[in-house]
Amino acid sequence: MINIVNTDITYPELNRNPRILLGPGPSMVHPRVTSAMTAPMIGHLDPCFLQLMDKTQELLRYVFQTKNRVTIPISGTGSAGMEASLANFIEDGTPVLVCTNGFFGNRLVEMAERYRADLSVLRCPWGKAFTLDEIAEELKRKPAKVVAIVHAETSTGVLQPLEGLADIVHDQGGILVVDAVTSLTGINIPVDELGIDVCYSGTQKCLGVPPGLAPFTVSERAIEVIRNRKTKVSSWYLDLSIINAYWGKDRSYHHTAPVSMNYALYEGLRMVWEEGLENRWARHVENARLFWDGLEEIGLKPFIPEAQRLTTLTTVKIPSGVNDLEIRNQLLKVYNIEIAGGIGDLKGEIWRIGLMGYSSRKENLLLLLAAFKKLLNR
Ligand SMILES: *Cc1c(COP(=O)(O)O)cnc(C)c1O
C-alpha cells in the first residue's frame, strides 16, 4: 500500500526553499500573482469575471503597444499562441514562409506543415539573425501570404531585428506573424509601430506568471484574412472567430475560461503596469549587463555577440572539460538554482540562463555567478 505521507516528496521542501528559476522558463512567480490565483472560483460569465476580462484586454493592449481590438489570452501555453497564429491564417496550400534560426522557428515549421501550408523555409545558422535583404529576396523568389519569425529565439539567445520587415511582407500581399514569447515585457516590441499583424507570447517567461495562457493580438489586416477564408479553421479549439465571440460583445460560451490562470495573468499585468514598460525593459538590460560583466570576470563566454544578444536570456559557452549535467545538478542541489542546457544543434555546447520577469533580480544573478565561481574553480 502506498504511504501517502511518506511519498510527499516535493511540496514541503519547495515551500520552505523556493527554487530560483533562471532557465528559459517557467520563470519565477511573484507572491502577489500566486496569491491572486487562490481567489475563490467564479463562473466564466460572472459579471466580476467579465470585468476582469475587459481589464485584462486593456492591459494586454498596453504590453503589446497596440490598438488591436482582438487582443486576448489564448487558453494554453505559448505554443497554443503559436498554433493559433498559424491555424487561423492557413488553409490547404496557403503559401507560407517560415524563417527559422533555432528550435522555436523549427516548431513553427512543424506546425505550418501540419496545417498543410504550401511551405517555404528560410534558414540561417543557429546563433545568427536574418537580414531584411535575405527575407526580401526569398519573398521575391516566392511570395507568401503568411510570414512567420521568432523575435527572441530562446534556443540560441539571438534577437531578431524587426524594423522594416512588415513593409516587405505587406507589399507582396502577406501578413507578418511574430513570436514574442521570450520578449514581451522584457524587451521592447511595439506591435503597431512595427506593423506586426499577429503576435503571441506566453505567461511563463517575462510576464512572471505560471505557464497556462498565451497573450495574443491580431491586426485588422489579419482579421480580414480570416473573413476571407473559404474553409473552416482546422483546429476547433483555436478557431479565433468562435473564441472571440466569448471575448467580444456576444460573450457566448466557447470553452470554460481557465479562471484561476486569468486571475494570475491579470495580477501579473497589473504589476507590469505599476512598474511601467520602459522601466521593466531597463531593469532587464541592467541586470543582463551586470550578469555579463560577472561572466567575464570568471572567464565564461557568452555565445552571442553583444549587439544581437537577448537581455532576457543569455547563452553561455560550456568551457571544454566541464561536465554539463554535473554542474547543472550541483546548481540545483546545492544552490537551488535551475538553469538549462542547450537543445537541438546546441545540445551540450551552451547553458541557457534566463533573467526574465520576477527572476530578473540582482540577488539571483549574483548568487548564480558565485555558484559558478565555486563549482568551476574560477
Ligand atoms: C517557450 C517558447 C515557446 C513555447 O512556449 P510554451 O509555453 O513552452 O508552450 C515558443 N516560442 C519561444 C520563442 C519560446 O521561448
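Q: How many nonpolar, polar and charged residues does the shell around the ligand have?

A: This is a predicted model, in which local features need pLDDT of at least 70 and side-chain atom pairs count only at pLDDT 80 or more, while totals for chains, interfaces and linings use all residues. Residues are numbered from 1 along each chain as its sequence is written, and side-chain values use heavy atoms, with hydrogens and water left out. Ala, Val, Leu, Ile, Met, Phe, Trp, Tyr, Cys and Pro count as nonpolar, Asp, Glu, Lys and Arg as charged, and the others, Gly among them, as polar. By class, the shell around the ligand has five nonpolar, six polar and three charged residues.

Q: Which residues are the closest to the ligand?

A: A residue is near a molecule if one of its heavy atoms lies within 4 Å of it. Of the 14 residues that surround the ligand, the closest are Thr77, Ser79, Thr154, Gln204 and Lys205. A polar contact is a pair of N or O atoms within 3.5 Å; a polar side-chain atom of Thr77 lies 2.6 Å from an oxygen atom of the ligand, a polar side-chain atom of Ser79 lies 2.6 Å from a ligand oxygen atom, and for Gln204 the corresponding value is 2.7 Å. The protein covers 91% of the 380 Å² of accessible area that the ligand has on its own, an area that comes from the Shrake-Rupley method with a 1.4 Å probe.

Q: Which element gives the most to the shell around the ligand?

A: Helices (H or I, at least four residues) and strands (E, at least two) are DSSP runs, numbered from the N terminus. Helix H5 gives the most, with three residues.

Q: How many residues of helix H5 are buried?

A: Buried means under 20% relative accessible area, with a 1.4 Å probe and protein chains only. In H5 (residues 78-87), eight of the ten residues are buried, among them Met82 and Leu86.

Q: In which sense do strands E2 and E10 pair?

A: Strands of a sheet pair through backbone hydrogen bonds, either parallel or antiparallel, and two strands count as paired if DSSP finds at least two bridges between them. E2 and E10 (residues 213-218) pair in the antiparallel sense over six bridges, with Pro73 standing opposite Pro215 in E10. In E2 (residues 70-75), six of the six residues are buried.

Key: Buried means under 20% relative accessible area, exposed over 50%, partly exposed in between (1.4 Å probe, protein chains only). A polar contact is a pair of N or O atoms within 3.5 Å; within protein, one must be able to donate a hydrogen and the other to accept it, and residues adjacent in sequence count only if both atoms are side-chain atoms.
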